[in-house]
Amino acid sequence: LGEKKTALFSEGEAFGEYDPEMVLEIPLVQIPEDVEPGAVLELQGGAIAKLLEVKPKTQTAIIDINNPLAGRKAQFEFEILHIGDAPARFSELKKVVMVPGDGKNKPQMGQTAYIHYVAYFHEGTQFDSTWDRGEPMEVILGENMVIDGLQQAILDMTVGERAVVEVPAKLAYGEFGAPGQIPPDADLRFDVELLQITEETKQDLDIKKMKKMDKQKSAV
């Protein structure tokens, strides 16, 4: 207790090697409006990426989902301040209802659920929030748009319900985590509200987003 140490980590030991295969070309509709190249953004589903290039002719964008510090060495200075028990891990998926829903309208696979959520690491640190962004997330159930544990919880909710969901790592991002955002083997907690259920397809959502972008551009 009180001991200090300095440790030097190589590129692979620190933030991982830079992987060119993690530079991707994706549909432009997946990029938030009014974002310039060089910006760090959050994609649908929670992935963090750096926008490298926008290609209007092909309606695509080039993004980099490597950790921003990938390929760099790192030096850390440590000091032991406190020794105590680690927070208990989540052994299974658990949902605690905070506000009951209508008890009737429960989403099914293939439907689109509109949700608001705040996401936390299991010890309580917040790392994401749709409420902070001011816009709910659209989740097509069964399309791998959210982690398994969150999807299972949504399928067990009814419209209007708000619940706290504890998701063990095996139903979240697993042993590898998510580059640049979620560490390996991380348990997560969500405060989630089911707002609406629709029959919209991915094509419907993409068209809606493109119309919204066109409307915003014409208003400038």
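A residue is called buried when its relative accessible area is under 20%. In this predicted model, threonine 60 has a relative accessible area of 14% and is therefore buried. Threonine 60 is found in strand S5, which spans residues 60-64, and the side chain of threonine 60 makes a polar contact of 2.6 Å with the side chain of threonine 58. With neighbours within four places in sequence left aside, threonine 60 is in contact with Glu25, Ile26, Pro27, Leu28, Val54 and Lys55.

## The sheet that contains S5

Strand S5 belongs to an open sheet of 4 strands, whose order is S2-S5-S4-S3 and whose pairing is antiparallel. The edges are formed by strand S2 (23-27) and strand S3 (40-42), each of which pairs on one side only, and from one strand to the next the twist averages 45 degrees.

Between S3 and strand S4 (residues 48-55), which run antiparallel, there are 3 bridges. Where in S4 does valine 40 find its bridge partner? The partner is lysine 50.

For leucine 188, the contacts beyond its neighbours within four places in sequence are Phe90, Tyr120, Phe121, His122, Phe127, Ile147, Val165, Glu166, Val167, Ala172, Tyr173 and Ile182.

## Aromatic pairs

The model contains 4 aromatic pairs. A pair of aromatic rings is described by the distance of the centres and the angle of the planes. For tyrosine 117 and phenylalanine 190 these values are 6.0 Å centre to centre and 70 degrees between the planes, and the pair is edge-to-face. The assignment follows because planes over 60 degrees apart count as edge-to-face.

This pair links distant parts of the chain, since tyrosine 117 lies in strand S8 (residues 112-121) and phenylalanine 190 in strand S12 (residues 188-198), 73 residues apart. Are the two partners buried or exposed? Tyrosine 117, at 4% relative accessibility, counts as buried, and phenylalanine 190 is likewise buried, with a relative accessible area of 5%. Elsewhere, one aromatic cluster is formed by Phe9, Phe76 and Phe78.

## Threonine 130 and histidine 116

Threonine 130 lies in helix H2, which covers residues 130-133, and it counts as buried because its relative accessibility is 0%. Which side chain does threonine 130 meet in a polar contact of 2.7 Å? That side chain belongs to histidine 116.

Apart from neighbours within four places in sequence, threonine 130 is in contact with Ile115, His116, Tyr117, Glu135, Pro136 and Met137.

Terms used:
Residues are numbered from 1 along each chain as its sequence is written. This is a predicted model: local features need pLDDT of at least 70, side-chain atom pairs count only at pLDDT 80 or more; totals for chains, interfaces and linings use all residues. Side-chain values use heavy atoms; hydrogens and water are left out. Two strands pair if DSSP finds at least two bridges between them. Helices (H or I, at least four residues) and strands (E, at least two) are DSSP runs, numbered from the N terminus. Axes are lines fitted to C-alpha atoms, for helices over the stretch in contact, and angles run from 0 to 180 degrees between N-to-C directions. Rings of Phe, Tyr and Trp (its six-membered ring) pair if their centres lie within 6.5 Å; planes under 30 degrees apart count as stacked, over 60 as edge-to-face and the rest as tilted. Buried means under 20% relative accessible area, exposed over 50%, partly exposed in between (1.4 Å probe, protein chains only). Contact means heavy atoms within 4.5 Å. A polar contact is a pair of N or O atoms within 3.5 Å; within protein, one must be able to donate a hydrogen and the other to accept it, and residues adjacent in sequence count only if both atoms are side-chain atoms.
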